[in-house]
Amino acid sequence: MRKSVCVALLALAIPADADAAGRPSFDCMTASTAREVAVCAVNRLAAADRSMASAFRAARRRFEGAGLQALVEDQQAFLRDIDYGFERDVWNKDEVTRIQETVDRLVREKDRSLDELATQIEDRTRFLSRAGSASGGFGGFWSNHEATLLLRPIRSNVWEAEFTIDTYGFAKDHCYFRATFRKQGEVLVTEEAIGLDERSGGDVRLTLTLQDGLLAMSQGPGEGRACSRFGDLQLKLFKTATP
């Protein structure tokens with residue numbers, strides 16, 4: 001299991017002068033995780049963090065109620081994931097120690113882990129810039145902090161789907177499958193799932209529902225698993241592109 005850390009959800013509470021040039025969206029005096037220390041040390045990371053904070057503020061204005069709550073929770077999960085992922089990328093399975101010294105070394109050596117962290121934050125900014133409500137129905141590209149789902153209608157009441165989960169810093173924590181869904185009333189239910197990993201399978205039954213401007217994916221207990229490393233999928237996805 002990933003170790004528990006105290007994560008400051010800094011992009012959720014932005015100071016008034018957050019957009020000052022050359023600085024991230026938070027006070028570097030409070031930086032405690034390796035990711036935060038790195039953001040304070042590298043201009044590209046600081047700029048990426050400022051852009052993400054700005055995109056998050058704008059995205060919050062596009063949602064309300066349960067959709068807004070889901071967006072805030074997804075941002076919190078993203079920040080936890082990049083803290084874990086950066087630590088795993090740099091320290092592998094070793095204990096995280098001497099953070100400042102290690103980050104200084106990474107900066108001197110221009111280590112590729114800093115570029116990978118920047119890519120994660122920049123990708124998140126693009127997600128936040130595009131995330132919107134479920135206008136236009138099921139079709140389109142849906143995503144959250146770890147998962148993506150492309151839904152395309154292929155014939156009357158039948159949809160084709162491609163699903164992916166990737167976890168930054170944890171190469172084994174991934175999942176990909178293709179599936180067909182049939183509309184049953186107001187929901188889509190799997191007819192077939194293809195390309196499951198070797199530990200998945202069985203009677204995989206997923207349900208997709210539009211609710212509160214989001215796409216909810218649910219999988220009941222006791223059924224076959226679509227993603228062995230992630231248990232029963234219970235996800236909320238945001239529309240980021242239309243067909």
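**Cores and disulfides**

Mentor: The largest nonpolar core has 34 residues, and those with the most contacts inside it are Leu45, Phe86, Leu117, Ile121, Leu128 and Phe238. A nonpolar core is a set of buried Ala, Val, Leu, Ile, Met, Phe, Trp, Tyr and Cys residues joined through side-chain atoms within 4.5 Å. Buried means under 20% relative accessible area, exposed means over 50%, and partly exposed lies in between (1.4 Å probe, protein chains only).

Trainee: Which elements give two or more residues to this core?

Mentor: They are α1, α2 (43-60), α3 (65-91), α4 (99-109) and α5 (112-130). The largest share, 8 residues, comes from α3. Helices (H or I, at least four residues) and strands (E, at least two) are DSSP runs, numbered from the N terminus.

Trainee: What is leucine 117 in contact with, leaving aside its neighbours within four places in sequence?

Mentor: Leucine 117 touches Arg35, Ala38, Leu45, Ile82, Phe86 and Tyr168, where contact means heavy atoms within 4.5 Å.

Trainee: Before we go on, what kind of model is this?

Mentor: This is a predicted model: local features need pLDDT of at least 70, side-chain atom pairs count only at pLDDT 80 or more, and totals for chains, interfaces and linings use all residues. Residues are numbered from 1 along each chain as its sequence is written, and side-chain values use heavy atoms, with hydrogens and water left out.

Trainee: Now the disulfides. How many are there in the whole structure?

Mentor: A search of the whole structure finds 2 disulfides, a disulfide being a pair of cysteine sulfur atoms within 2.5 Å. In sequence order, the bonded cysteines of the chain pair as 1-2, 3-4.

Trainee: Which residue does cysteine 28 join?

Mentor: Cysteine 28 is joined to cysteine 40, with an S to S distance of 2.0 Å. This pair links distant parts of the chain, 12 residues apart: cysteine 28 is in the segment before α1 (34-41), and cysteine 40 is in helix α1. The link is left-handed, with -100° about the S-S bond.

Trainee: Why does cysteine 28 count as partly exposed?

Mentor: Cysteine 28 counts as partly exposed because its relative accessible area is 33%. Cysteine 40 is also partly exposed, at 30% relative accessibility.

Trainee: And the pair of cysteine 175 and cysteine 227: how far apart are their sulfur atoms?

Mentor: Those sulfur atoms are 1.9 Å apart. Cysteine 175 is in strand β4 (residues 174-184), and cysteine 227 is in the loop between β7 (214-219) and β8 (234-241). Both cysteine 175 and cysteine 227 are buried.
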